[in-house]
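Have the sequence and the 3D view open as you read.

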Amino acid sequence: GDQDLGRLQKALEVDLDFIMRFWRFPKPTVAAAHGYALAAGCELAVACDITVADEKTFFGEPELRFGAGIVAMILPWLIGAKQAKEMIMTGFDRIPAQRAYEMGLINQVAPEGEYLKVAMKMARGMAAIDPLPMRLQKMAINRAFEIMGLNEALKAASDLDVLIEGIETPD
């Protein structure tokens, strides 16, 4: 009923807020991905400013295959509508790191076992930069996306996710 949908909406808002906290955090955020970065894990990797992935990592958004929606619909903003639609509408969850790099989903592919070292080196390099200009540059880039309607689009997608998750289907 309505109470269940209300609870579902609250839970999805909490999930969205968690993921977007990395996007909004004033300091640069660096993700180091390995193994399988799927669903919310994929969105979290995308929401960080810089993402380094082990060459053996796989990315994907399999939610639709399981009757669920995307928690943080940030993909179209960062990799474009065509790439996002392909990922989301096929539910393919074996996108190799190199392909993820080519799509603009991640920043760097690290040799096997080196992903953490590469990510830390990048983070240390950014930490050596004056924090005020760094913060202002991140704010400027994020603000451009917000002016284009990012926050409203994420909220609208989250509302649709409640409908998707609330539908009882034979699947």
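The report below goes through helices, strands and a few single residues in turn.

This is a predicted model, in which local features need pLDDT of at least 70 and side-chain atom pairs count only at pLDDT 80 or more, while totals for chains, interfaces and linings use all residues. Residues are numbered from 1 along each chain as its sequence is written, and side-chain values use heavy atoms, with hydrogens and water left out.

## Two helices that meet

Helices (H or I, at least four residues) and strands (E, at least two) are DSSP runs, numbered from the N terminus. The expected span of a helix is 1.5 Å times one less than its number of residues.

Which residues of H8 are buried? They are Leu150, Leu154, Ala157, Ser158, Asp161 and Val162. Seen down the axis of H8, these buried residues fall within an arc of 155°, so they line one face of the helix. The arc is that of the directions from the helix axis to the C-beta atoms. Buried here means under 20% relative accessible area, exposed means over 50%, and partly exposed lies in between (1.4 Å probe, protein chains only). Glu152, Leu160 and Leu163 are exposed, on the face of H8 turned away from its buried side.

H1 has 23 residues, which should span 33 Å at 1.5 Å a residue, and its end C-alpha atoms are 31 Å apart, which agrees. H1 also has a kink of about 25°, centred on Phe18. The bend at a residue is the angle between axes fitted to the seven residues ending there and the seven starting there. The buried residues of H1 are Leu12, Leu16, Ile19, Met20 and Trp23, and they pack against H2 (40-47), H3, H7 and H8.

Lys138 is found in H7 and is buried, with a relative accessible area of 8%. What lies 2.6 Å from a polar atom of the side chain of Lys138? The backbone oxygen of Phe25 does. A polar contact is a pair of N or O atoms within 3.5 Å; within protein, one must be able to donate a hydrogen and the other to accept it, and residues adjacent in sequence count only if both atoms are side-chain atoms. Leaving aside neighbours within four places in sequence, Lys138 is in contact (heavy atoms within 4.5 Å) with residues including Trp23, Pro26 and Asp49.

Asn142 also lies in H7 and counts as buried, at 8% relative accessibility. With neighbours within four places in sequence set aside, Asn142 is in contact with Trp23 and Arg24.

## Strands and their partners

Two strands pair if DSSP finds at least two bridges between them. The table lists three such pairs.

| Strands | Sense | Bridges |
|---|---|---|
| S1 (residues 30-33) and S3 (residues 50-54) | parallel | four bridges |
| S3 and S6 (residues 108-110) | parallel | three bridges |
| S2 and S4 (residues 58-60) | parallel | three bridges |

Five of the five residues of S3 are buried, so S3 is largely enclosed by the rest of the structure. Ile50, Val52 and Asp54 point one way from S3, and Thr51 and Ala53 the other way. Thr51 is the bridge partner of Ala31, and Asp54 stands opposite Ala110 in S6.

Elsewhere, three strands form an open sheet in the order S2-S4-S5, with mixed pairing. S2 and S5 (95-96) stand at the edges, each with a single partner strand, so one side of each is left without a neighbour in the sheet. Leu38 has Gly60 in S4 as its bridge partner.

Ala39 sits in the loop between S2 (36-38) and H2. Ala39 has a positive phi of about 50° although it is not a glycine.

Thr90 is found in H4 (residues 81-90) and counts as partly exposed at 47% relative accessibility. Thr90 and Arg65 are 25 residues apart in sequence and 8.2 Å apart in space, C-alpha to C-alpha.
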